[in-house]
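Subject: Cavity and pocket in the attached model

Hello,

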Amino acid sequence: MHNLYSTVSSVLSPASPYAADIGRLFWITLWISLVILVGVSAFVIFNLVRYRDRGQGGLPPQTHGNMVVEVTWTAIPLAILVVLFVLTLQTMAAVSPATHPKADPVNVDVVAHQWWWEFRYPGAKVVTANELHIPVGKSIHIQLTSADVIHDFWVPELGRKMDAVPGHPNTMVIQADRPGVYLGACAEYCGAGHAWMRIRVVAQTEADYRVWLASQAQPHPEPKTALQANGKALFVGLTCSSCHTVTGSGAPASKDVGPDLTHLADRQTLAAGVVPNTPEELKKWLADPHSIKPGANMPNLQLSSQQLDALVAYLEAQP
Ligand code: CUA
(Lines give C-alpha, C1' and ligand atoms only; values in the text may rest on other atoms or scores of the structure.)
Protein backbone atom coordinates (compact mmCIF):
# COMPACT_ATOMS: atom_id res chain seq x y z
CA MET A 1 0.00 0.00 0.00
CA HIS A 2 1.19 3.52 0.58
CA ASN A 3 3.60 4.84 3.15
CA LEU A 4 1.23 6.78 5.43
CA TYR A 5 1.78 4.54 8.43
CA SER A 6 5.45 3.66 8.21
CA THR A 7 6.07 4.87 11.76
CA VAL A 8 4.65 3.14 14.80
CA SER A 9 2.93 5.16 17.48
CA SER A 10 3.55 3.79 20.94
CA VAL A 11 3.31 4.88 24.55
CA LEU A 12 6.74 3.25 24.91
CA SER A 13 8.42 5.84 22.69
CA PRO A 14 7.39 9.08 24.39
CA ALA A 15 8.23 12.35 22.66
CA SER A 16 6.88 14.68 25.33
CA PRO A 17 7.25 15.17 29.09
CA TYR A 18 3.63 14.10 29.54
CA ALA A 19 4.01 10.89 27.58
CA ALA A 20 7.27 10.23 29.45
CA ASP A 21 5.45 10.53 32.80
CA ILE A 22 2.76 8.11 31.60
CA GLY A 23 5.41 5.74 30.21
CA ARG A 24 7.26 5.75 33.54
CA LEU A 25 4.08 4.82 35.40
CA PHE A 26 3.55 1.99 32.91
CA TRP A 27 7.05 0.60 33.50
CA ILE A 28 6.78 0.85 37.30
CA THR A 29 3.43 -0.94 37.22
CA LEU A 30 4.83 -3.57 34.87
CA TRP A 31 7.87 -4.27 37.09
CA ILE A 32 5.77 -4.51 40.24
CA SER A 33 3.40 -6.88 38.45
CA LEU A 34 6.34 -8.92 37.22
CA VAL A 35 7.76 -9.30 40.72
CA ILE A 36 4.33 -10.46 41.96
CA LEU A 37 3.95 -12.87 39.04
CA VAL A 38 7.38 -14.42 39.57
CA GLY A 39 7.00 -14.52 43.39
CA VAL A 40 3.55 -16.12 43.38
CA SER A 41 4.44 -18.57 40.59
CA ALA A 42 7.64 -19.65 42.37
CA PHE A 43 5.77 -20.13 45.66
CA VAL A 44 3.05 -22.20 43.95
CA ILE A 45 5.58 -24.37 42.11
CA PHE A 46 7.66 -24.86 45.27
CA ASN A 47 4.61 -26.03 47.22
CA LEU A 48 3.37 -28.27 44.40
CA VAL A 49 6.69 -30.09 44.41
CA ARG A 50 7.50 -29.98 48.12
CA TYR A 51 4.07 -31.14 49.35
CA ARG A 52 3.07 -33.41 46.49
CA ASP A 53 1.28 -36.70 47.21
CA ARG A 54 4.07 -39.26 47.58
CA GLY A 55 1.66 -42.19 47.72
CA GLN A 56 0.91 -42.01 51.46
CA GLY A 57 -2.83 -41.43 50.71
CA GLY A 58 -5.43 -39.69 52.90
CA LEU A 59 -6.02 -35.98 53.51
CA PRO A 60 -3.17 -33.71 54.63
CA PRO A 61 -3.52 -32.04 58.07
CA GLN A 62 -6.34 -29.45 57.95
CA THR A 63 -5.69 -25.96 59.37
CA HIS A 64 -8.08 -23.07 60.07
CA GLY A 65 -7.22 -19.46 60.71
CA ASN A 66 -3.71 -18.15 61.06
CA MET A 67 -3.55 -14.52 62.13
CA VAL A 68 0.00 -13.94 60.89
CA VAL A 69 -0.73 -15.29 57.42
CA GLU A 70 -4.08 -13.45 57.13
CA VAL A 71 -2.56 -10.10 58.11
CA THR A 72 0.45 -10.60 55.84
CA TRP A 73 -1.52 -11.40 52.70
CA THR A 74 -3.84 -8.46 53.33
CA ALA A 75 -1.13 -5.95 54.18
CA ILE A 76 1.19 -6.66 51.22
CA PRO A 77 -1.43 -6.15 48.45
CA LEU A 78 -2.76 -3.10 50.32
CA ALA A 79 0.72 -1.57 50.41
CA ILE A 80 1.25 -2.28 46.68
CA LEU A 81 -2.10 -0.72 45.77
CA VAL A 82 -1.42 2.36 47.91
CA VAL A 83 1.95 2.85 46.17
CA LEU A 84 0.35 2.51 42.70
CA PHE A 85 -2.51 4.80 43.71
CA VAL A 86 -0.16 7.55 44.87
CA LEU A 87 2.04 7.21 41.76
CA THR A 88 -1.07 7.38 39.56
CA LEU A 89 -2.31 10.53 41.31
CA GLN A 90 1.13 12.12 40.86
CA THR A 91 1.13 11.24 37.15
CA MET A 92 -2.41 12.55 36.65
CA ALA A 93 -1.38 15.84 38.25
CA ALA A 94 1.78 16.01 36.14
CA VAL A 95 -0.09 15.63 32.84
CA SER A 96 -2.99 17.91 33.79
CA PRO A 97 -3.43 21.35 32.18
CA ALA A 98 -3.89 22.79 35.69
CA THR A 99 -0.20 22.25 36.45
CA HIS A 100 0.83 24.04 33.26
CA PRO A 101 -0.46 27.60 33.49
CA LYS A 102 -0.84 29.35 30.17
CA ALA A 103 2.10 31.75 30.30
CA ASP A 104 2.58 31.82 26.53
CA PRO A 105 -0.28 29.67 25.37
CA VAL A 106 -0.84 27.76 22.19
CA ASN A 107 -4.57 27.07 22.29
CA VAL A 108 -6.31 24.68 19.96
CA ASP A 109 -10.00 23.82 19.97
CA VAL A 110 -10.51 20.23 18.87
CA VAL A 111 -13.95 19.10 17.74
CA ALA A 112 -14.48 15.41 17.03
CA HIS A 113 -16.94 14.45 14.29
CA GLN A 114 -18.11 11.17 12.78
CA TRP A 115 -15.43 10.52 11.39
CA TRP A 116 -12.87 13.25 11.30
CA TRP A 117 -11.19 15.87 13.48
CA GLU A 118 -11.68 19.61 13.34
CA PHE A 119 -8.77 21.71 14.61
CA ARG A 120 -9.44 25.39 15.28
CA TYR A 121 -6.74 27.92 16.20
CA PRO A 122 -8.90 30.59 17.82
CA GLY A 123 -6.22 33.28 18.00
CA ALA A 124 -5.21 32.94 14.34
CA LYS A 125 -8.67 32.33 12.84
CA VAL A 126 -7.33 29.17 11.23
CA VAL A 127 -9.43 26.02 10.85
CA THR A 128 -8.09 22.74 9.53
CA ALA A 129 -8.92 19.06 9.68
CA ASN A 130 -7.22 15.80 10.68
CA GLU A 131 -3.72 17.32 10.80
CA LEU A 132 -2.72 19.28 13.83
CA HIS A 133 0.34 21.51 13.44
CA ILE A 134 2.10 22.46 16.66
CA PRO A 135 5.37 24.17 17.61
CA VAL A 136 7.90 21.95 19.41
CA GLY A 137 8.79 22.46 23.06
CA LYS A 138 5.57 24.21 24.02
CA SER A 139 2.56 22.99 25.96
CA ILE A 140 -0.40 22.88 23.61
CA HIS A 141 -3.62 23.50 25.51
CA ILE A 142 -6.47 21.63 23.90
CA GLN A 143 -10.14 22.23 24.50
CA LEU A 144 -11.82 19.06 23.36
CA THR A 145 -15.45 18.52 22.48
CA SER A 146 -17.60 16.55 20.04
CA ALA A 147 -20.23 17.47 17.46
CA ASP A 148 -22.10 14.18 17.72
CA VAL A 149 -21.19 11.10 19.77
CA ILE A 150 -18.37 10.39 22.25
CA HIS A 151 -14.94 10.10 20.62
CA ASP A 152 -11.49 9.97 22.21
CA PHE A 153 -8.40 11.96 21.27
CA TRP A 154 -5.17 9.97 21.62
CA VAL A 155 -1.70 10.64 20.28
CA PRO A 156 0.30 8.21 22.46
CA GLU A 157 3.74 9.78 22.01
CA LEU A 158 2.60 13.27 22.97
CA GLY A 159 0.35 12.93 26.01
CA ARG A 160 -2.62 11.36 27.68
CA LYS A 161 -5.84 10.30 26.03
CA MET A 162 -9.08 12.11 26.65
CA ASP A 163 -12.74 11.63 25.77
CA ALA A 164 -14.43 14.12 23.44
CA VAL A 165 -17.92 14.45 24.88
CA PRO A 166 -20.71 16.42 23.18
CA GLY A 167 -21.74 19.42 25.26
CA HIS A 168 -19.01 18.88 27.84
CA PRO A 169 -15.64 20.40 26.88
CA ASN A 170 -12.59 18.67 28.35
CA THR A 171 -9.15 20.20 28.56
CA MET A 172 -5.79 18.52 28.11
CA VAL A 173 -2.19 19.36 27.20
CA ILE A 174 0.14 17.75 24.72
CA GLN A 175 3.69 18.61 23.73
CA ALA A 176 6.29 17.45 21.23
CA ASP A 177 9.97 17.61 22.18
CA ARG A 178 11.25 17.35 18.62
CA PRO A 179 9.94 17.96 15.10
CA GLY A 180 8.23 15.11 13.33
CA VAL A 181 4.92 13.55 12.47
CA TYR A 182 3.13 11.82 15.34
CA LEU A 183 0.23 9.50 14.67
CA GLY A 184 -2.89 9.17 16.74
CA ALA A 185 -6.41 7.87 16.43
CA CYS A 186 -9.87 8.02 17.87
CA ALA A 187 -9.76 5.68 20.87
CA GLU A 188 -13.46 5.27 21.62
CA TYR A 189 -15.72 3.24 19.37
CA CYS A 190 -17.93 5.78 17.60
CA GLY A 191 -19.58 4.01 14.66
CA ALA A 192 -18.76 2.61 11.25
CA GLY A 193 -15.86 4.98 10.51
CA HIS A 194 -14.14 4.71 13.90
CA ALA A 195 -11.07 2.92 12.53
CA TRP A 196 -10.55 5.71 9.99
CA MET A 197 -10.59 8.62 12.35
CA ARG A 198 -6.84 9.12 12.44
CA ILE A 199 -4.87 12.06 13.76
CA ARG A 200 -1.59 13.37 12.38
CA VAL A 201 0.31 15.82 14.55
CA VAL A 202 2.93 17.74 12.60
CA ALA A 203 5.40 19.16 15.13
CA GLN A 204 7.48 21.97 13.69
CA THR A 205 10.06 24.45 14.87
CA GLU A 206 8.52 27.64 16.16
CA ALA A 207 9.56 29.49 12.98
CA ASP A 208 8.13 26.84 10.63
CA TYR A 209 4.94 26.73 12.67
CA ARG A 210 4.55 30.52 12.41
CA VAL A 211 4.98 30.33 8.63
CA TRP A 212 2.41 27.53 8.40
CA LEU A 213 -0.09 29.39 10.57
CA ALA A 214 0.27 32.58 8.54
CA SER A 215 -0.21 30.69 5.27
CA GLN A 216 -3.31 28.94 6.61
CA ALA A 217 -4.84 32.27 7.60
CA GLN A 218 -4.75 33.34 3.95
CA PRO A 219 -7.79 32.64 1.74
CA HIS A 220 -7.73 29.59 -0.53
CA PRO A 221 -5.66 30.21 -3.69
CA GLU A 222 -7.62 32.05 -6.37
CA PRO A 223 -8.15 30.08 -9.60
CA LYS A 224 -5.26 30.49 -12.04
CA THR A 225 -6.67 28.29 -14.81
CA ALA A 226 -10.04 27.93 -16.49
CA LEU A 227 -10.34 24.44 -14.97
CA GLN A 228 -9.79 25.78 -11.46
CA ALA A 229 -12.30 28.59 -12.07
CA ASN A 230 -14.80 25.99 -13.22
CA GLY A 231 -14.09 24.00 -10.06
CA LYS A 232 -14.67 27.03 -7.86
CA ALA A 233 -18.05 27.62 -9.54
CA LEU A 234 -18.97 23.94 -9.07
CA PHE A 235 -17.88 24.00 -5.42
CA VAL A 236 -20.48 26.69 -4.73
CA GLY A 237 -23.04 25.62 -7.36
CA LEU A 238 -23.13 21.92 -6.42
CA THR A 239 -23.71 22.92 -2.76
CA CYS A 240 -20.40 21.42 -1.61
CA SER A 241 -20.16 24.71 0.26
CA SER A 242 -23.19 23.97 2.43
CA CYS A 243 -21.11 21.36 4.30
CA HIS A 244 -17.50 22.47 3.61
CA THR A 245 -15.90 25.87 4.08
CA VAL A 246 -13.32 27.16 1.63
CA THR A 247 -12.27 30.64 2.65
CA GLY A 248 -12.25 32.81 -0.44
CA SER A 249 -14.68 30.62 -2.42
CA GLY A 250 -17.34 33.32 -2.17
CA ALA A 251 -19.74 31.01 -0.34
CA PRO A 252 -20.55 31.80 3.28
CA ALA A 253 -18.78 29.67 5.88
CA SER A 254 -20.56 26.35 6.37
CA LYS A 255 -21.70 25.01 9.70
CA ASP A 256 -18.74 22.60 9.59
CA VAL A 257 -20.77 19.53 8.75
CA GLY A 258 -17.68 18.36 6.86
CA PRO A 259 -14.00 19.34 7.06
CA ASP A 260 -12.85 22.86 6.20
CA LEU A 261 -11.15 22.43 2.81
CA THR A 262 -9.23 25.71 2.67
CA HIS A 263 -5.62 24.88 1.67
CA LEU A 264 -6.49 21.20 1.28
CA ALA A 265 -3.32 20.74 -0.82
CA ASP A 266 -1.27 21.30 2.35
CA ARG A 267 -2.53 18.08 3.99
CA GLN A 268 -0.90 14.65 3.76
CA THR A 269 -4.01 12.49 3.73
CA LEU A 270 -7.65 12.46 2.69
CA ALA A 271 -10.68 11.11 4.55
CA ALA A 272 -8.99 11.34 7.98
CA GLY A 273 -6.03 9.20 7.03
CA VAL A 274 -7.37 6.58 4.61
CA VAL A 275 -5.46 7.56 1.47
CA PRO A 276 -2.60 9.92 0.61
CA ASN A 277 -3.67 13.37 -0.50
CA THR A 278 -3.04 13.33 -4.25
CA PRO A 279 -5.21 14.64 -7.10
CA GLU A 280 -5.78 11.05 -8.25
CA GLU A 281 -7.01 9.91 -4.83
CA LEU A 282 -9.18 13.02 -4.43
CA LYS A 283 -10.82 12.28 -7.76
CA LYS A 284 -11.55 8.70 -6.67
CA TRP A 285 -12.90 9.98 -3.37
CA LEU A 286 -15.25 12.49 -5.01
CA ALA A 287 -16.40 9.89 -7.55
CA ASP A 288 -17.34 7.32 -4.90
CA PRO A 289 -16.57 8.21 -1.26
CA HIS A 290 -17.96 4.97 0.14
CA SER A 291 -15.60 2.79 -1.86
CA ILE A 292 -12.78 4.47 0.09
CA LYS A 293 -14.44 4.98 3.48
CA PRO A 294 -17.60 2.94 4.07
CA GLY A 295 -20.14 4.77 6.19
CA ALA A 296 -18.72 8.25 5.54
CA ASN A 297 -21.29 11.03 5.53
CA MET A 298 -19.88 12.41 2.30
CA PRO A 299 -22.52 11.72 -0.40
CA ASN A 300 -21.85 10.38 -3.87
CA LEU A 301 -22.93 13.32 -6.05
CA GLN A 302 -22.72 11.28 -9.29
CA LEU A 303 -20.28 13.80 -10.77
CA SER A 304 -19.10 13.63 -14.36
CA SER A 305 -15.42 13.16 -15.13
CA GLN A 306 -15.13 16.80 -16.23
CA GLN A 307 -16.76 17.98 -12.98
CA LEU A 308 -14.39 15.78 -10.97
CA ASP A 309 -11.33 17.18 -12.76
CA ALA A 310 -12.49 20.77 -12.20
CA LEU A 311 -13.20 20.27 -8.47
CA VAL A 312 -9.91 18.49 -7.94
CA ALA A 313 -8.01 21.29 -9.74
CA TYR A 314 -9.66 23.92 -7.54
CA LEU A 315 -9.40 22.10 -4.21
CA GLU A 316 -5.80 20.94 -4.72
CA ALA A 317 -4.62 24.37 -5.94
CA GLN A 318 -1.22 25.37 -4.57
CA PRO A 319 -0.72 28.94 -3.37
CU1 CUA B 1 -14.38 8.71 16.80
CU2 CUA B 1 -13.98 6.47 17.40
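Domain bounds here come from an automatic or database domain assignment. This is a predicted model, in which local features need pLDDT of at least 70, side-chain atom pairs count only at pLDDT 80 or more, and totals for chains, interfaces and linings use all residues. Residues are numbered from 1 along each chain as its sequence is written, and side-chain values use heavy atoms, with hydrogens and water left out.

The cavity
Domain 1 (1–52 + 64–215) and domain 2 (226–315) both contribute to the lining of the largest cavity, so this cavity lies between them. A cavity is a set of points, on a 1 Å grid over the protein atoms alone, where a 1.4 Å probe fits but cannot get out; lining residues have an atom within 4 Å of a point. The structure has one cavity of 30 Å³ or more. The largest cavity holds about 40 Å³, a volume being the space filled by probe spheres set on points joined across faces, edges and corners. Its lining includes Tyr-5, Asn-130, Arg-198 and Thr-269.

The pocket
A pocket is an open set of grid points with protein on both sides within 12 Å along at least five of seven lines. The largest pocket has a volume of about 710 Å³. Of its 35 lining residues, His-244, Gly-258, Pro-259, Trp-285 and Met-298 lie nearest the centre. Both domain 1 (1–52 + 64–215) and domain 2 (226–315) give residues to this lining, so the largest pocket lies between them.

Regards
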